[in-house]
Structures are given as structure tokens and as C-alpha cells.
Amino acid sequence: MALLSVRDLQVDFTTRNGRITAVNKISFDVESGKITAIIGESGSGKSVACYSLLGLLPTPPASVESGTAHFEGRDLLAMNEAQLREIRGRDIAMIFQDPMTCLNPYMTVGDQLIEPLVYHRKVSKAAARERALELLEEVGLREPAATIDQYPHQFSGGMRQRVMIAMALINEPKLLIADEPTTALDVTIQAQILALVAALQRKRDIGVIFISHDLSVVADIADEIVVMEKGHLVERGDRAAIFEQAQHPYTRKLLDAIPAGSKAVSTAQRDDLITVNHLCTWFGQGKGREPLRAVDDVSFSIQRGEVLGLVGESGSGKSTIGRSLLRLVPVTSGEVLFDGTDVTGLEGLALKQMRRRMQMIFQDPYASLNPRMSVYDALAEPLLLHHIESRKTVEQGVLKLMDDVGLARAFVRKYPHEFSGGQRQRIAIGRALATRPEFVVADEPVSALDVTIQAQILDLMLELGREYGLTMLFVTHDLAVVRHIADRILVLYKGKVVEQGTGEALFERPQQEYTRQLLQSIPGRALLA
Amino acid sequence: MWRFVGGRLLQAIPVILAVITVTFFLVRIAPGGPFDSEKAVIPEVKAALEAQYRLDLPLGQQYLAYLRDLARGELGPSFKYPGRSVNELIAAGLPATAELGAYSLLVAVVLGGLAGVFASLKPNSAQDYIPMSVAMIGICMPTFLLGPLLVLVFGIHLEWLPVSGWGDMPGDKILPSLTLGAAYAAYIARLSRAGMLEVMSQDYIRTARAKGLPEWQVVTRHALRGGLIPVVAFLGPAFAGLLAGSFVVETIFQIPGLGRFYVQAAFNRDYTMILGTTVFLSTLIVLFNLLSDILAAWLNPRLRAQYGEA
Amino acid sequence: MSTEAASDALVAEQGTSLWQDAWRRLRKNRLAVFGLCVLVLFVLIAILTPWLAPYAHDDQNLDLGAAPPSAAHWLGTDIFGRDLLTQIMYGGRISLAVGFVATAVALVIGVTWGAIAGYVGGRVDAVMMRLVDILYALPFMIFIVLLMVVFGRNLLLLFLAIGAVEWLTMARIMRGQVQSLRQQEFVEAAISLGLSPATIVRRHLVPNALGPIIVYTTLTIPSVMLLEAFLSFLGLGVQPPATSWGLLISYGAETMEEYPWLLIFPGAALTLTLFALNFLGDGLRDALDVRGSGD
């Protein structure tokens, strides 16, 4: 018999605009000793379904309309709050997405860790502490005895997630629900956490529900996969069935959205548009403090028409390089030659004219558009500023841009908050292209987007890049994406270039230890072949 | 932490010095001397008086002399009450004011904090609307209106409580403390409600619930500390407001406290008394601000660590 | 790529700007609408008082003395037989004027100061905000009392003194806004488009910083009015023959045992106005979705 058996679960939300069915009559089983992955994009209802099982949704606005969820023979959905509390944290435990916000910043890690044990098992605090130390050791925290009395802010993201895992396992639960536990982490840390979760699950032989938006993340660890779309369960099956013989078109779309293969590299030699020599960008100098060397003596060049990928984990300085090139942060030393001109020294009109030729596409489509300007205003601003269109022709110019980025002309008077993330990113791309730039820095342009949207935006960027003859610096943490889009790749670590080469060369024959480590961390490597 | 406290104490010194300086010169450039009201003072008497109060010296020397006195804790003689020093007058008024302030602060923190936390537990329900409406009344009803109204209702009509005095009759401390504390109780209720709502929507509260803790433990163990930090930070400004409010409340209820002395001194142009009281009260306020800042920082481990290393 | 734009005939859907959105939310908030109506009504009355008031400002009727509300005197008369409604209307002019003018003073100084500190940043910011910190630590209530004592009860000085206290918070809010906006990607985008700093401030920063400023301004007016009333109650604010609600309440409190209406009606006028402004401020805060503590 299944450990958890969900039947016909329906969850509705009451909103300002009426009722929305977030989870629509879904049924699935979770077996003991297996990892069941629930996959879906934002708004698919994957988290809502799991939270509703434990009564963790705020009611109202949420309400469980129908269904049963039998856990060891008892229906979770029929239980009252007191009965559910007995199960939460004892038999069923959870880990959440963002380890930065999920630990109480006002309590020491140790105090938070022992809470479930003390509350559910009535263990003495001293004994609970002993157990906590053992577990911290097991989840791979160095020197647990020294760190157990520290506060969460003294831990890195990966370490916090280990603490969260220890906290979930401290009562030896039978079922563990992990809600996107690695999404907020760097790729190498993600690989470690995934391996840890899989190892702990095998050792304890417990059931795990692993919620993720990313099929490749669960490719190595999931036994069963459930795919959800807009509240519906569209497909379920074991890992092999999903990855090799997916039936439902949505599942296939998700699989197709995983960027695969290296970009075919053209061998034609072209001249360099950008040459960066010994670039240093340091922050927080003075007052005898050691400056943060975000970018430390970096040199590279980009050929005309080339897409150069810049990969690195958080803190590697990859975004700072992009911003330094565009003069958005003050450069400490070195030179950036754009078509032969050093842009680091430009001021006034010369700088303004140079800015027209180089543009940026930002990561967060929610923050990169002025919320008080309509699409028309946002696109007309650069057209008028650089006299690309006159007041009379600007409307045609705006509409042309909207056509180019695939936005319906009818939306021209709408405001950013009325668009989805993907649409907003299209507006932002349109704004960057409005000045007819030769060079574009794209700073993680797809990492805030759902996977299927990601694929669309990447294709759009490649297509427009060809059409406009753009040279591009593509900054990302995602190795699969960069391999798909870039002609050449630069690997960055702590402000320095570790290795560079074509995608194929880098992926097949990495020269440096860090690059190898990075590549091994890519989830679902088998899929990328 | 100690560095932080030390640093803040050092920062307080120029503020207090600025208060002393500004007050001193403001009072000195005021039109009309202290003895102008008595019409025909004999010139010799006036000169003698001015010499006694050092008014015959150049302004700069008066200032330095005043600072020297201050360093010894001397606030100088009163203009209006010959033979009595400002120190004595403050000492006479302080107990009543301190007691009134303490009770009012207690009213504000206990009533306001409870109401705010209570309201935040069930937002947008009657449990929220009722205390918050009362709080809104508290904010919109000025002390000098609430006081007379309370007197009118409980003192004159119902005759439950004495209408004035301090420590003369049983229960005569209730109305003044309520009057003075009400507005701050209202502010604290709103602050603590907002703070609690903010904290209760944090991810770590969901973590606490996922552990299976009962709701009251989630609130007391996980939410309260973060939710009440804004309240603690507000205590400094609240204290300054309470002192100013005590001017009014002591006048309404005829309480022989510092506030009433201050207002009287203002009308009598008792310059040394104004000067001395301002310096005294300002120092008190600056120190209390410091205290509430330190307390708020201490409650937040992240700030504590920051100050620890800085 | 231009799949959705096949037809050249453009039927643009009208978008809803955030301002329109906020206005719609505000209109749904009954208390805020009530507050706005009361406020508009009171301001209109205050402007038109010389024509609307039933009696002249200095009309006395010593024979009548203090009389309870009647047909001739809707809100009764004071001990000099002056019509209370007339007194409240003229008092309202002063109270509202102090509220609006002093807030305007605070607004201009605070917003300019905060915007400069936030936009220029660096050492200029450090010095400017350090000054604000120091002034913040000063016990201003006591200082205003002192100013009133020293310089006499001068209405203009009152405006300036109150405005001088309230600008500090305004400056802090504005600086915080500008600083957080400056780090937003859309401002970086504006910079990389090549817009001049003045255009960036005008088109990208100010419209986005306006929300919190509007909310805080609405909430500053009642606190300024309260401060004026507080000073007038102590006899340190507005001076007779001019009058204000604080002064009327002060007189009313003296004689409340015999003539309670002299306390209750001016008190009601002040409280109602404060209610209206606070409800409006709270409503604006919700409608403009301004987070954080304005209290």
C-alpha cells in the first residue's frame, strides 16, 4: 500500500476577481522508499497541492473543495488542526525553497533544530541537543559543536539548507516534502544538496515528494514523476517513462525546453568589436578596508557578431563585468575598447553617443521596466532620445519594435504590471533594441522565467541577434543555457577568468578543476548529451 | 555590542551640547529681561540682581560660566523663586512626573501591545477591526481633549474618580495616566499589529507551523520578537512625546510635576528655570532614545553582530 | 515573429496605469472616501467662512452670555455671547492653514533634501543624513515650546517651527525611496539608454517615489494640526483675537462643568478632521500599496 495516496484533490482560491481552482481533481501516490517528483511551472498548483495536505495554506483565501489524502490509512484532509499538528513535523516534514528566509533570524540554529524533537517526542533539551549535533554532522555541517549556537545569518545558503534538512529529519519522519529545495542555490551547491537528499532518503528508506519547476533537476534522483499544468495532473509515470516516452504534449514541451547541445560554431574569423584589457572593478575602497575585488584583472575580446557566454556562480563577478562594460559601475582600472575607443574615459556627449551603441537586457523583468510607464512610453523614450524616429514617426517605430519582439500591437497602451514575465522580457528586449545597438549585454535574461518561456525568449534573442547583427555578452549561471546560445564561453570564479573556449571544447575537455566541478554539477547531465 | 553602546553614547554628547548651547543663546536673545515686568525697580537693585545672576558679564563668559556650573551638576538659581535653585525645583517636580510617565508608558505598552498582537492574529475580522477602531480614536483624540472629557464623564458625572491631584486621594492617578498613555497605546497598537502581520507572513513562520507547533507557540516563540522590534524602537520617540504630553496633563489635573513647572516658568519668563529644565529633559530624552535604540539592536542578532564587529 | 500583429488597423486596448489602479482601490475604501469628502467640505467651508459664517467674527452679545445650542445659535454661544459656530469656522481656518502650510514647508525642504542626499550619495549623503540624525535626536517638542516663549506667539514662526520638525522624516523617506529606486534595474536601463540625470529624476525617480510621499504628507497634516492645537491649548500657540480649535478647546476645558458644549463642539471639529485625514492617509497607503511604518 502506498505511504500517501491522494485522490481527487481540489483546492480553490477566492480572489478579488472570483474563484480560481488552483488544484483540479488530482490523484497520485507516494511510495515509501521512493522519491516522487512533482513538476510544473509557476501557477501549476504543485506547491499548493502539497501545502493543502498539511493544512499549511491560509484559509481563506484557500479552501480544499474535495478529495482524500490517506497517509498510513488516515485521511489527512479529514483531520482537525490538532490531529494534523501531531503529524506535521513528526511523520511528515518539509523543506522549503529559500533557506535565507525559512529559518527564524532571531533564534539560534540549535534552538530551532531541536524544537520538533522537544515538542513531539518530549525529549529533554540536553538529549535533543545531542541528537541535533549528530544530525548536523550527518548532513555535512562542519564543526557542528561550534556552529550550533550561531544565528542563521552566520551561515551560507547551502549550509542553511543543510540545517533545514536536519530539522526536517530530526523526528525521523516517514514522508519528506521538499519544495524546490535547490532553486535558490548555486549549481555546485545544488548538486551537493541533491546528492544529500537522495543519500538520506535511501538510508532511511522514507518517501519523498520533491517539488520542482525543472525536469532536469529531478532527472537523476526521481523514481516517479508527476507533471502538472494549470492545476491539472497531465501525466505521471516512472522516470524512464517520462523521459523516454512522454505521452502528453505538455510534458514533451517541458522536455524540449531543456536546452541541449552546443551551438554550431562558425569558423569565420571576424574582427574584434570589444577588447577588454586588465579590467578591475573593486568596491568599497578606502578607510583602510580591503576592497571587494568583484572583477580582478580580466582580459578578453568579443568578435563582431559573436555571442560570448559568461558563466559563474554567485559572487563570481559575472554581472559586474557586464555593468563595467556599459559604464553602469565605476571601473577601477583597465581599459574597455569598443570599436577601438576606450569607453572607460568617456564623458558627456561622447558617452551618450556610445551608450546608444551598447545596451543591456536585465535579469528581472519585474524590476527592469518603470512601473509607471506604458509600453509606448518605454519604447518611445530611446527612439526620441537618440533621434532614431521623429515625433511624427515614433508611433510607427514603436509598433515595429513590438512586431519584432512578438508583442501584439494592441498592447501598446498597457503598463508593465498587466503583462506576464515573458511578455515583460520582450518589452525589455524591445527597449534595448530601440537604439539600434551593435552590442548587447544580457544579464541572466531568462533565469527569472518559467522553463517553457525561457526557451521562447532564448530563441527570440538568437533570432533578433541575427536579424540586427548583434554582438552579445550573455551572462548566466546556467551552463546548459550558455552552451545552447553562446559561440564561446568564459568561466569565471571569484572575479577571475578560469577558463575559456568554445562550448564543445569546454564541455568535452575541461582543463581546469573548477570547470570540471561545475560541469559535474549540472543536473540531469545525461539529458544534455 | 559594547562598542556600539559606547559609540552611541559618544554621539549623544554633541547632541546634548548642541541642546545646551542653542537653549542658552535662545533664552538670552529673548526680548525682555526677567525683571522688566516689575515696573519700577530701582536701578541699584536691578544691577545687584543682575550681578547675582551674572547678567552683567559678556554673553560668552556667561555661557562658559554656565557650562562650568553644569559640569558640577549645578543648574543655577531660579529667577522667580529667589533663594531656590533650579536643581531643587526639578527635584521637587521630578517624582510626580516620573511616576506619571512610568504609569503612562505601562498603559501604552501593555494595552497597546496586547491590542495590537490580538488584532494581528485574525486580520480583517471583528477581532481586528474593533481594537483598531479604538486605536484610531486614540490617535485622533488629542490628550488635551481626552483629559477634560474623561474628567467630565468619570469625575463629574459618574463621580467615580477624583478630578485632580496626585497622590492626595485614592485613585487620583488613574485618569492622568490613562489620559497621557492613551495616544501612545494607540500608536503602539498600530505598530505592533503592523509588525506582527509583517512577521506572520514570513517564510520562517511557515517553517514553524510545518514543525507542528501549536499556534500560540508559533506566535510567542517565533513571531513576537521580530514583531515587537518596531515597538521597542518607537519607545524613544514615545518617551519624548510623553514628556511633552505631561505639560498638558499636569496642567489639566493640577499635578505638581516638572511639566507644570516648565509651563509656568515659560509664562513667568523664569529663564534659568527654562534653561535648566530644557537641558535636563533633553538629556533625559536623548538618553532614552539611546536606550531604545540599543534595546532594538540587541533584540536583532544580525544588528548585534554588525555592531559587535564594527 | 509578428504573428499577433497581422492586422495593421490598430485597436489599442487601454491600459490601466498604477495611478488609475490606486484611484480605483481608493474609491472602494469607504472610510477613505468619507475622509476625503469631510476634508474637501471642511476646506471649502474654511475658504468661504467670511461669507458663510452666520455672525461676524467679533460679534459679542454680553447679555446673552454662554447659551446652549438654539435656533439662532446652532452650536450655542460662549461666555461673551459669541456664536460658537462662527468661532469654530474661523478657528478651522487657522487650524487647517497651519496644517497645510507647515506640511508644505516640510514637504519642500524634506523632499529636496532627501532627493539630493539619495541621488548624489557618497560623502554628501553621509553629511546630509548625519545632520538629520542629529536633529532627530533633539527634543523638538520642548524646543517649539521654547521658541514660542522666547519669540512670542507668532503664527508665521509657528508654521516654520512645525515645518522644521516634520521635514526630517520626509527627508528620510524621500532618501530611502530614491536610494532603493536608484538600484532598480529600470533606472540602470535609463542610464544605459543615455538619459541625462535630470530626465532620469523627473521621468523615472519622482513618479515612483511619489506614492510614499503622498501618504506621508497626508499623515503629516493631522500630526501638525495636533501640534498646533497642543501649543494653543497651553496658551503658546495662536493668540486672541485670532482663534484656533486648540484655543477653543482650551477655553472649553476651563468651563466644561457649566457649559460642556464649548468643549464638545470644537473638540468634535478637530477630532473629525483628524479622523478624516488619518482615514484618507490609511486608505492611500493601502491603495498605493506603500509598505513600512509611516507611524
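Two residues are in contact if their C-beta atoms, placed from the backbone, lie within 7 Å. Every view below shows a predicted model, in which local features need pLDDT of at least 70, side-chain atom pairs count only at pLDDT 80 or more, and totals for chains, interfaces and linings use all residues. Residues are numbered from 1 along each chain as its sequence is written, while chains are lettered from A and ligands numbered from 1 in the order in which they are written.

**View 1. The contact between chain C and chain A.** Chain C brings 27 residues to this contact and chain A brings 37 residues. Helix H7 and helix H8 (197–233) of chain C each supply at least two residues of the side that touches chain A; here helices (H or I, at least four residues) and strands (E, at least two) are DSSP runs, numbered from the N terminus. H7(C) provides the largest share of that side, seven residues. By class, the side of chain C that touches chain A holds 12 nonpolar, 11 polar and four charged residues. In this scheme Ala, Val, Leu, Ile, Met, Phe, Trp, Tyr, Cys and Pro count as nonpolar, Asp, Glu, Lys and Arg as charged, and the others, Gly among them, as polar.

**View 2. The contact between chain A and chain B.** Here 22 residues come from chain A and 16 residues from chain B. On the side of chain A that touches chain B, helix H2 (81–87) and helix H3 (109–121) of chain A are the elements that give two or more residues. H3(A) gives the most, with four residues. The residues of this side of chain A divide into 11 nonpolar, five polar and six charged.

View 3. Helix H13 (residues 375–385) of chain A is mostly covered, with eight of its 11 residues buried. A residue is buried if 20 or more other C-beta atoms lie within 10 Å of its own, exposed if 12 or fewer, and partly exposed in between, the C-beta atoms being placed from the backbone. The buried residues of H13(A) are A:Val375, A:Tyr376, A:Ala378, A:Leu379, A:Ala380, A:Glu381, A:Pro382 and A:Leu383. They pack against helix H14 (394–404) and helix H15 (421–434) of chain A, together with helix H7 (185–193) of chain C. Just after H13(A), A:His387 has a positive phi of about 55 degrees.

**View 4. The packing of H13(A) on H15(A).** The axes of H13(A) and H15(A) are 8 Å apart, and the two helices pack at an angle of about 20 degrees. Axes are lines fitted to C-alpha atoms, for helices over the stretch in contact, and angles run from 0 to 180 degrees between N-to-C directions. H13(A) and H15(A) are therefore roughly parallel to each other; angles under 35 degrees count as roughly parallel, over 145 as roughly antiparallel, 65 to 115 as roughly perpendicular and the rest as oblique. Their crossing is right-handed. A crossing is left-handed if the near helix is turned anticlockwise from the far one by less than a right angle, and right-handed if clockwise. From H13(A), the contact is made by A:Val375, A:Ala378, A:Leu379, A:Pro382 and A:Leu383, and from H15(A) by A:Ile427, A:Gly430, A:Arg431 and A:Ala434. Seven nonpolar, one polar and one charged residues make up the contact of H13(A) with H15(A).

View 5. In helix H10 (residues 258–268) of chain B, eight of 11 residues are buried, and the helix is mostly covered. The buried residues are B:Leu258, B:Gly259, B:Arg260, B:Phe261, B:Tyr262, B:Val263, B:Ala265 and B:Ala266. Their cover includes helix H4 (86–121), helix H9 (215–252) and helix H11 (271–299) of chain B, together with helix H5 (140–151) of chain C. After H10(B) comes B:Arg269, whose phi is positive, near 55 degrees. B:Gln254 lies in the loop between H9 and H10 of chain B. Although B:Gln254 is a residue other than glycine, its phi has a positive value, near 50 degrees. B:Gln254 counts as partly exposed, with 14 C-beta neighbours inside 10 Å.

**View 6. A:Glu444 in a loop of chain A.** A:Glu444 is placed in the loop between strand E17 (439–443) and helix H16 (451–468) of chain A. Its phi is near 45 degrees, a positive value in a residue other than glycine. A:Glu444 is buried, with 20 other C-beta atoms within 10 Å.
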